[in-house]
Amino acid sequence: MNARYLGRKVLLLVPVLFAVSALSFLLLNLLPGDPAIAILGPSATEQSVAALRHDLDLDQPLPVRYVRWMGHTVTGDLGRSYVSNQPTVEAVRQRLPVTLELLLLSQLLALALAIPLALLAASKPNGLLDRASTSTAFAFLAIPNFMLGVLLIYLFAVRVHLFPATGYTPFHDHPIENLRAMALPAVTLGVAELAVYLRLLRSDLIATLQQDYITMAQAKGMSRNHILLRHALRPSAFSLVTAAGLNLGRLIGGAFVVEYLFALPGIGSLTVESIFKRDYIVVQGTVLLVAVGYVLANFAVDVLYGVLDPRVRHARATA
Amino acid sequence: MPEPQPDPASADVEHGSTGRRRLGLLFWASVGWLGLIATLAATADWLPIPDPTRPGVAPARQPPTLHHLLGVDVLGRDMLSRTIHGARVSLVVGFSSIAFGLLVGGAVGVLAGYFRGRFEAIAMGTVDVLLAFPALVFALALVSFLGPSLGTVTLAIGVLSIAPIARIIRASTLAFAQREFVLAARTVGARHRRIIVNEILPNVIPAAVSFALVAVAVAIVSEGALAFLGLSVAAPTPTWGSMINEGRTVLQDAPHISFVPSAAMFLTVLALNFAGDSLRARFDVGEGRL
Amino acid sequence: MKPVLLDVAGLSTTFPTGRGPLIALDDVSLSLDRGRTLGLVGESGSGKTVLARSIMGLLPAHAHRQGHVWFEGQDLAALSPRDLRDIWGREIAMVFQDPMTSLNPVMKVGRQITESLRHHLRMGKDEARTAAVDLLDSVGIPEPKRRADEYPHQLSGGMRQRVTIAIALACWPKLLLADEPTTALDVTVQSQILDLLQAKQAERSMAMILVTHDLGVVAGRTNEIAVMYAGRIVERADTATLFAETRMPYTESLLASIPRVERPSHTRLQAIAGRPPDLVTRPGGCRFAPRCPYAQPRCAEEEPPLLPAPTPGHTFACWYPVGTPAGDEALARNTASNEASNKAADRAADGR
């Protein structure tokens with residue numbers, strides 16, 4: 001791993017994390033009127049409002065508040081719910097596995113379908129399969145996930161009772177039920193990803209197949225499949241990794257909607273429920289955690305990219 | 001220099017250069033659909049349709065009939081009227097948020113691409129930081145803390161569109177700022193404002209428009225997602241997203257309540273994507289530059 | 001009797017373009033015996049690369065190929081893609097022009113050699129690995145064990161071309177097609193690579209076709225030379241005969257662009273006035289006529305056939321061959337009329 005490459009990426013991480021934390025912190029200031037009253041509601045007693053103002057350091061100037069808030073945050077204290085009194089971190093910890101499983105399943109599904117489809121499409125550009133898959137992908141990109149989710153519920157839960165429409169079973173309680181409950185959410189979330197990956201990988205593969213080293217591999221007598229899988233896929237896969245990182249933002253937003261729609265107890269539905277309950281401290285905490293998670297995941301993808309692509313890994317050798 | 005191969009690619013290029021790609025039937029169908037939706041939304045108040053918020057115009061959940069072409073919803077409100085009024089929210093939010101994003105992001109992008117230097121470094125650094133955010137999550141947070149309304153939703157989506165728009169406009173400006181006619185104008189001492197208005201903008205705008213159409217589609221979907229979560233314009237004002245949400249509990253008996261606004265939104269988003277893509281191909285705006 | 005190694009008969013290759021078919025290769029015939037080397041020479045676009053690729057059958061899907069390529073008595077043009085793949089890399093191998101682009105950037109060098117060994121020779125993993133290291137060693141790569149685990153971008157251009165040669169030699173092919181193997185390399189490494197190819201060819205008594213735009217490259221290294229122009233072979237002879245008894249004016253022009261035959265030159269051939277003809281809208285007659293100092297009215301009307309010269313094995317296509325009375329007379333006539341028109345131009349200038 002090239003130290004300079006890694007160093008540059010870490011350096012970029014600092015301002016991004018600062019901006020993410022500052023924006024999350026400032027969210028409370030967006031509340032109309034006194035944040036303490038907004039959180040506790042108009043019927044709160046003067047004492048409890050004063051106590052909350054003190055808790056949130058609302059009597060301090062903004063920079064001091066930020067520093068103190070950051071101090072709490074980095075020690076793992078994201079405040080607590082003023083509805084259930086549960087610490088935000090605890091609530092997130094309970095619900096994180098659901099969101100992670102949903103993200104993982106949808107990505108696996110999208111990649112498992114996108115890679116073979118792209119290989120088939122690219123091996124015969126403008127062929128029947130290529131044109132069919134390209135235009136289907138285009139149409140799928142125009143279907144918002146909440147719409148697709150409703151459609152899937154209608155088809156596979158209401159008309160044909162194949163999957164439950166809502167609800168969740170933990171994996172360690174009942175693996176099969178868990179996967180049944182996750183099936184429609186994962187498909188809902190994965191379809192747009194599938195379309196993005198398919199389009200990207202297809203055009204990338206077609207460009208790669210024009211390269212001299214592909215002709216060279218042909219001249220060596222390698223079979224068509226060997227060339228596609230061994231020679232063309234790997235260099236094309238790098239941009240897929242980058243795209244997966246960039247897509248993560250939309251994917252997380254999508255997970256919020258999908259969890260709400262399918263009543264999955266993940267971070268997304270925690271946030272949405274907290275918004276409805278005006279539990280602003282919890283919303284602030286989950287937004288911060290999700291944003292930081294997203295930034296770190298992107299960082300991981302960048303690093304992974306460097307590890308996977310020997311040209312980046314040995315950048316210094318050619319520089 | 002390597003010997004040029006009599007490769008097919010050259011033949012293809014010759015094909016392509018004989019004429020710019022024509023705007024096809026799908027493009028005009030897309031424009032037609034968008035025009036229809038926009039006209040209906042603009043004239044909704046004068047159309048012979050019931051008040052979209054008046055309940056009980058027919059038995060609740062009634063499927064499409066001659067009197068109510070798209071049926072009625074769970075409260076017996078006319079779906080056709082609600083869909084047309086819902087288009088207002090989608091189109092207003094979609095177009096005004098992106099107009100806002102184009103105004104701010106476009107200005108930043110053009111100035112950064114034209115003047116380069118420290119301004120560009122700071123502007124693009126900020127853009128990179130902004131792009132590192134999960135957009136919908138921040139829109140959700142902004143709207144929930146500010147309180148959901150047409151204004152806050154538009155503002156949230158508009159603010160989040162600034163960074164990607166600035167990035168694309170800058171790339172597009174860069175490509176033209178180095179062209180001979182701009183360099184020539186600079187060497188003869190033309191004022192910066194004149195160069196930007198006369199030389200840069202006319203060349204950047206086609207790329208901006210084609211991208212903006214796709215961006216409007218994204219904005220409409222984002223508004224839809226927020227509305228679906230109950231975080232857009234408050235009830236009883238109809239929006240497509242909230243209508244889809246209202247219908248999903250009665251899919252068994254009245255699927256049309258979710259499907260009608262879904263179809264309207266799908267066609268609108270598809271039309272915007274088609275129109276944007278066709279324009280991009282027409283103006284030879286490479287995807288790499290976007 | 002064993003059939004000749006390679007016998008190309010009436011090979012034509014066309015590419016469809018927006019303006020009509022581009023005839024890149026027009027009715028080419030040639031043969032090559034085991035262990036012999038043939039230099040294929042011509043300017044850019046003369047069809048020499050297309051000929052090499054057409055012999056292999058390694059053409060883009062939309063290319064249209066006609067004719068026969070007999071390889072050890074088997075017509076490659078009639079083989080299915082599957083059967084052809086058993087020939088490629090195993091019987092016939094190719095070295096490409098640019099080693100910067102012809103190696104897979106994300107595959108270790110060793111893997112790029114072992115994959116053909118394992119595929120064609122059914123070697124095991126370790127056996128192939130040992131063979132690959134030996135091959136790298138034999139093409140002059142220092143520390144072959146370490147290099148086998150490196151990626152192409154970690155090697156210099158010359159080293160990379162040595163790797164592609166090792167890949168081509170891996171399965172002991174009977175015919176090696178080297179397509180401008182030194183064009184993309186530094187001048188200092190060019191002769192090293194050519195020497196390596198020559199040494200390997202002799203060591204394995206393998207037949208080789210060396211494609212180049214530089215007559216100087218093939219001068220001391222090949223048994224025979226075929227000169228190509230606008231998709232056709234215009235002169236062919238033993239290397240010594242071609243240099244001593246040049247008949248085709250185009251060959252003469254190529255020779256003239258090398259300062260001294262004994263000293264291999266690396267300058268590009270730009271000394272010939274004019275440009276090669278458009279291969280889509282070809283004029284009738286001899287294709288070189290518009291640029292030919294010997295050209296007569298007949299040349300623009302009738303295309304000269306490829307006919308044998310008195311020296312065995314020497315063929316050429318020209319109505320007014322260099323070094324014959326007909327050719328001398330044609331050149332003298334052109335020189336005289338050029339002088340006359342120059343004088344006329346001078347007089348016109350004086351008169352003003």
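**Exercise 1. A helix pair inside chain B**

Work out which hand the crossing of α3(B) and α8(B) has, then describe the geometry and the residues of that contact.

*Solution.* α3(B) passes α8(B) in a right-handed crossing. Keep in mind that we're working with a predicted model here. Next, the geometry: α3 of chain B covers residues 79-115 and α8 of chain B covers residues 192-228, and their axes come within 8 Å, crossing at roughly 145 degrees. Last, sort the residues of the contact of α3(B) with α8(B): you get 20 nonpolar, 4 polar and 1 charged.

**Exercise 2. Chain A against chain B**

Find how much area chain A and chain B bury between them, and what share of it sits on carbon and sulfur atoms.

*Solution.* Start with the residues: 45 of chain A are in contact with 36 of chain B. Together the two chains bury about 3600 Å², with 83% of that on carbon and sulfur atoms.

Now go looking for polar links. Salt bridges between chain A and chain B number 0, while 2 residue pairs are in polar contact, both residues being at pLDDT 80 or more.

Which elements of chain A do the touching? At least two residues each come from α1 (3-30), α6 (128-141), α7 (145-159), α10, α11 (267-276) and α12 (280-308) of chain A. The top contributor is α1(A), with 9 residues.

**Exercise 3. Chain A against chain C**

*Solution.* On the contact count, 23 residues of chain A meet 27 residues of chain C. Three residues, Met216(A), Ala219(A) and Lys220(A), supply 27% of what chain A buries against chain C, more than any other three.

Lys220(A) pairs with Glu115(C), and their closest N and O atoms are 2.9 Å apart. That counts as a salt bridge because the cut-off is 4 Å. There are also 11 residue pairs in polar contact between chain A and chain C, again with both residues at pLDDT 80 or more.

Finish with the elements. α9 (212-219), α10 (224-262) and α13 (310-313) of chain A each give two or more residues to the side that touches chain C, and α10(A) gives the most, with 7. By type, that side of chain A holds 7 nonpolar, 8 polar and 8 charged residues.

How values were computed:
Residues numbered from 1 in each chain as written. Chains lettered and ligands numbered in written order. Predicted model: local features only at pLDDT ≥ 70, side-chain atom pairs only at ≥ 80, totals over all residues. Heavy atoms only, no water. Contact = heavy atoms within 4.5 Å. Buried area = accessible area lost by both parts, 1.4 Å probe. Salt bridge = Lys/Arg side-chain N within 4 Å of Asp/Glu carboxyl O. Polar contact = N/O pair within 3.5 Å; in protein donor to acceptor, adjacent residues only side chain to side chain. Helix = DSSP H or I, 4+ residues; strand = E, 2+ residues; numbered from the N terminus. Nonpolar A, V, L, I, M, F, W, Y, C, P; charged D, E, K, R; others polar. Axes fitted to C-alpha atoms, helices over the stretch in contact; angles between N-to-C directions. Left-handed = near helix turned anticlockwise from the far one by under 90°.
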